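Good morning, colleagues. I would ask you to look at the structure on the screen while I describe some of its parts.

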Amino acid sequence: MSDQPLTEAEIELALSELPGWSHVDDRLERTWSFGGHLQALAAATAIGLLNEQRNHHSDLAVNYDKLTVATTTHSAGHKVSAKDIDLATAVSLLLD
Ligand SMILES: C[C@H](O)[C@H](O)[C@H]1CNC2=NC(N)=NC(=O)C2=N1
């Protein structure tokens, strides 16, 4: 999968299929709310497995019962690439 940076138009098109995700500071980002802290931690662990499968690692921030997932591509100059779209799609399939 290409790690070339996507254009703004390409990112916006991809985000039209990824409800809840935003393009902020050259990252794709979305926050989920859960029923409690342990559920948020469990979701973070499950996403860690997706990250490892892809060798593409999202940033995961747990704040009590909320989990924020963010992804960017270091080798694209810390811009959004197709690898981030792929990971965001997999995370949404897992958590929605
Ligand atoms: C060497 C290794 O393939 C790279 O460092 C991978 C690992 N995980 C990564 N994760 C993320 N989010 N972006 C990257 O560019 C990236 N690159």
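I begin with the strands. Strand 2 and strand 4, which covers residues 66-71, pair antiparallel through six bridges; two strands pair if DSSP finds at least two bridges between them. Strands (E, at least two residues) and helices (H or I, at least four) are DSSP runs, numbered from the N terminus. Leu28 has Thr71 of strand 4 as its bridge partner. Strand 2 (residues 27-33) also runs antiparallel to strand 1 (residues 22-24), and three bridges join them. There, Val24 stands opposite Arg27 in strand 2. Two residues lie between the strands of this hairpin, and Asp25 takes a positive phi near 50°.

A word on the source: this is a predicted model, in which local features need pLDDT of at least 70, side-chain atom pairs count only at pLDDT 80 or more, and totals for chains, interfaces and linings use all residues. Residues are numbered from 1 along each chain as its sequence is written. The protein chain averages a pLDDT (the predictor's confidence in each residue, from 0 to 100) of 98. The model scores ipTM 0.87 and pTM 0.95.

Finally, which residues are around the ligand? They are Asn55, His56, His57, Thr71, Thr72, Thr73, His74 and Ser75, where near means that the C-beta atom, placed from the backbone, lies within 6 Å. By class, this shell has eight polar, no nonpolar and no charged residues. Ala, Val, Leu, Ile, Met, Phe, Trp, Tyr, Cys and Pro count as nonpolar, Asp, Glu, Lys and Arg as charged, and the others, Gly among them, as polar.
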